[in-house]
Amino acid sequence: MLNRKSALFLAATFLFSAPAVAQSPPPAPAPPAATAALPDADPAIWVVKDPDTTIYLFGTFHALDGKSDWFNDEVKAAFDQSSEVVLEVPPMEDKAALQPVIMKYAIDASGKPLSEKLSPGAKEKYTKVLAELGAPPTAFDKFRPFFAALTVIMAGAQKLGMTGEKGAEAILTKAAKDGKKPISGLETVDYQMSLFANLSEADQIKMLEETLSELDKLGDVFAEMNKHWTSGDSEGMAKLMNDMNDESPAMYKALLTDRNANWAEWIDKRLDKPGVVFMGVGAGHLGGKDSVQDLLAKRGIKSARIANN
């Protein structure tokens, strides 16, 4: 079965799209500016270059609590030097455009209620979690298990103060718009939703049941991931990804290695065009075996970690 790290790590891997998918409420007004400076964070960043092209490869954290100052030093310098920004998905100005995507992938056409697909123990926990969220026990009966899992994780993250509105992508997107830098995406929300929808129903149910059983550990999992991220510990993040590989190779391949291979190919082709690019993807994709850098190396393309000052 998926352990707590590999099941709940999906919260950080895909939380960038979960706020929209889960129909989260608008962010609360920003609190007054703090008088004390936020703690400094040093997330990892790499550079890939040839004579006329530079690509900064930054590991993002999709949902944050806004309690650290990370957009500074090497990250900010690389961003300022870049003429374009590339993220996993481009900003979606029209949130209504997500509804057809949700209907396409999240709705279960089988007609069998989701609650009837769960084991007795999981069903009991499922009903309890929905009640805690203020939702009726039939709230997700028409949806596929992966969608219920992502929504539950998102709700738990919001209770912890971890939101996409405070995440790295949101900060980078605002900075790019303020600086009039063009923003593009490596993927689409449609594609990302399809990754989950194409998992076997057994894997989706496993994902949901493990999420339900370990939801009370979500705070610990986020704290662990945030510690690795803020300190630039890419190998610590890689260990979490490897846990997913050990427990669910199919999920690991679909959500990590296949996408990393696509992104390595994108970088390879982008090196043919002059310019300076700031590329931000989830930090879990940039550490250890099968990372984007590892796959670049297999193509004969070097990447170098930028040292913290």
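The following dialogue explains how several terms apply to this predicted model.

Modeller: The model is predicted, so local features need pLDDT of at least 70 and side-chain atom pairs count only at pLDDT 80 or more, whereas totals for chains, interfaces and linings use all residues. Residues are numbered from 1 along each chain as its sequence is written, and side-chain values use heavy atoms, with hydrogens and water left out.

Biologist: How many helices and strands does the chain have?

Modeller: There are 14 helices and six strands. Helices (H or I, at least four residues) and strands (E, at least two) are DSSP runs, numbered from the N terminus.

Biologist: Why is valine 277 called buried?

Modeller: Buried means under 20% relative accessible area, exposed over 50%, and partly exposed in between (1.4 Å probe, protein chains only). Valine 277 has a relative accessible area of 0%, and therefore counts as buried. This residue lies in strand β5, residues 275-282. Of the 309 residues in the chain, 53% are buried.

Biologist: Which residues does valine 277 touch, not counting residues up to four places away in sequence?

Modeller: A contact means heavy atoms within 4.5 Å. Valine 277 touches Thr54, Ile55, Tyr56, Ser82, Glu84, Val86, Trp266 and Arg270. Glutamate 84 is 193 residues away along the chain, yet the two C-alpha atoms are separated by 5.2 Å. In the chain, 85% of the contacts with a separation of 6 or more are between residues 24 or more positions apart.

Biologist: What makes β3 and β5 a pair?

Modeller: Two strands pair if DSSP finds at least two bridges between them. Four bridges join β3 to β5, and these strands run parallel.

Biologist: Which way do the residues of β3 point?

Modeller: Glu84 and Val86 point one way, Val85 and Leu87 point the other way, and all are buried. In a regular strand, side chains alternate between the two faces of the sheet.

Biologist: How do you know that the buried residues of α4 line one face of the helix?

Modeller: In α4 (residues 73-81), Glu74, Val75, Ala78 and Phe79 are buried. Seen down the axis of α4, these buried residues fall within an arc of 130°, so they line one face. The arc is that of the directions from the helix axis to the C-beta atoms. Their cover includes β1 (45-50), β2 (53-60), β3 (84-87), α8 (168-178) and β5.
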